[in-house]
Amino acid sequence: QVQLVESGGGLVQPGGSLRLSCAASGSIFSLYAMGWHRQAPGKQRELVATITSGGRTNYASSVKGRFTISRDNAKNTVYLQMNSLKPEDTAVYYCNADVAYSDSYHKGHWGQGTQVTVSS
């Protein structure tokens, strides 16, 4: 079984920075796209950023220029560097990954989520 474990969340003041990490472990043949989503109270889960195995990135317009997604394929880890944080960035952040178990089978997985709170 594959597990995604997030870390790095917490409380930060507006304008501050946080770096989230998500490490995948288990029976992994390969990792395809990885990404981050977030869900604020009373709202639907939304895409924050994605990164392909080749390093191509995509961002939500609300975070473009402030957040940077990256990955370390040797460590099966994806990161989200969040700068210039705003109160509206407050949410539970979820990591997701498209995990290949073989050449012909892959499946999406989600982490358990990590809370990010931006408040003075």
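Predicted model: local features only at pLDDT ≥ 70, side-chain atom pairs only at ≥ 80, totals over all residues.
User: What makes the radius of gyration of the chain agree with that of a compact globule?

Analyst: A compact globule of 120 residues would have a radius of gyration near 14 Å, and the chain has 14 Å, so the two agree. The C-alpha atoms fill a box of roughly 45 × 25 × 25 Å along the principal axes. Of the 120 residues, 40% count as buried.

User: What is the secondary structure of the chain?

Analyst: The chain has 0 helices and 11 strands. From the N terminus on, the elements read β-β-β-β-β-β-β-β-β-β-β. Among contacts between residues at least 6 apart in sequence, 55% join residues at least 24 apart.

User: Why are strand 1 and strand 7 said to stand at the edges?

Analyst: 4 strands form an open sheet in the order 1-3-8-7, with antiparallel pairing. Strand 1 (3–7) and strand 7 (67–72) each have a single partner strand, so one side of each is left without a neighbour in the sheet. The twist averages 15 degrees from one strand to the next.

User: How do you know that strand 1 and strand 3 pair?

Analyst: Pairing needs at least two bridges between the strands. Strand 1 and strand 3 (residues 18–25) are joined by 5 bridges and run antiparallel, so they count as paired. Ser7 stands opposite Ser21 in strand 3.

User: Why is the link between Cys22 and Cys95 called a disulfide?

Analyst: The cut-off is a sulfur-to-sulfur distance within 2.5 Å. The sulfur atoms of Cys22 and Cys95 are 2.0 Å apart, so the pair qualifies. The count by this rule is 1 disulfide. A disulfide is a covalent bond between the sulfur atoms of two cysteines.

User: Which parts does the pair tie together, and what makes the disulfide left-handed?

Analyst: The torsion about the S-S bond of Cys22 and Cys95 is about -75 degrees, so the disulfide is left-handed. Cys22 lies in strand 3 and Cys95 in strand 9, so the pair ties together parts that are 73 residues apart in sequence. Both Cys22 and Cys95 are buried.

User: Which strands pair with strand 11, and in what sense?

Analyst: Strand 2 (residues 10–12) runs parallel to strand 11, with 3 bridges joining them. Strand 9 (residues 91–100) pairs with strand 11 in the antiparallel sense, also over 3 bridges. The threshold is at least two bridges, so both pairings meet the rule. Leu11 stands opposite Thr117 in strand 11. Tyr93 has Thr114 as its bridge partner in strand 11.

User: How do you know that the side chains along strand 11 alternate?

Analyst: In a regular strand the side chains alternate between the two faces of the sheet. Along strand 11 (residues 114–118), Thr114, Val116 and Val118 point to one face and are buried.

User: Why is Thr114 called buried?

Analyst: Buried means under 20% relative accessible area. Thr114 has 11%, so it is buried. Thr114 lies in strand 11. Not counting residues up to four places away in sequence, Thr114 touches Glu6, Gly9, Leu20, Ala91, Val92 and Tyr93.

User: What makes the approach of Thr114 to Gly9 a polar contact?

Analyst: The limit is 3.5 Å between N or O atoms. A polar atom of the Thr114 side chain lies 3.4 Å from the backbone nitrogen of Gly9, so the distance is within the limit.

User: Why does Leu11 count as exposed?

Analyst: Exposed means over 50% relative accessible area. Leu11 has 66%, so it counts as exposed. Leu11 is placed in strand 2. Beyond residues up to four places away in sequence, Leu11 touches Thr117 and Ser119. Leu11 and Thr90 are 79 residues apart in sequence and 9.2 Å apart in space, C-alpha to C-alpha.

User: Asp89 lies in a loop; why does Asp89 count as buried?

Analyst: The loop runs between strand 8 (77–82) and strand 9. Asp89 has 1% relative accessibility, against a cut-off of under 20%, so it counts as buried. Leaving aside neighbours within four places in sequence, Asp89 is in contact with Arg38, Arg66, Phe67, Ser84, Val116 and Val118. The Asp89 side chain also reaches the backbone nitrogen of Lys86 at 2.8 Å.

Methods
Residues numbered from 1 in each chain as written. Heavy atoms only, no water. Buried < 20%, exposed > 50% of the residue type's maximum accessible area, 1.4 Å probe, protein only. Polar contact = N/O pair within 3.5 Å; in protein donor to acceptor, adjacent residues only side chain to side chain. Contact = heavy atoms within 4.5 Å. Axes fitted to C-alpha atoms, helices over the stretch in contact; angles between N-to-C directions. Rg over C-alpha atoms; globule rule 2.2 N^0.38 Å.
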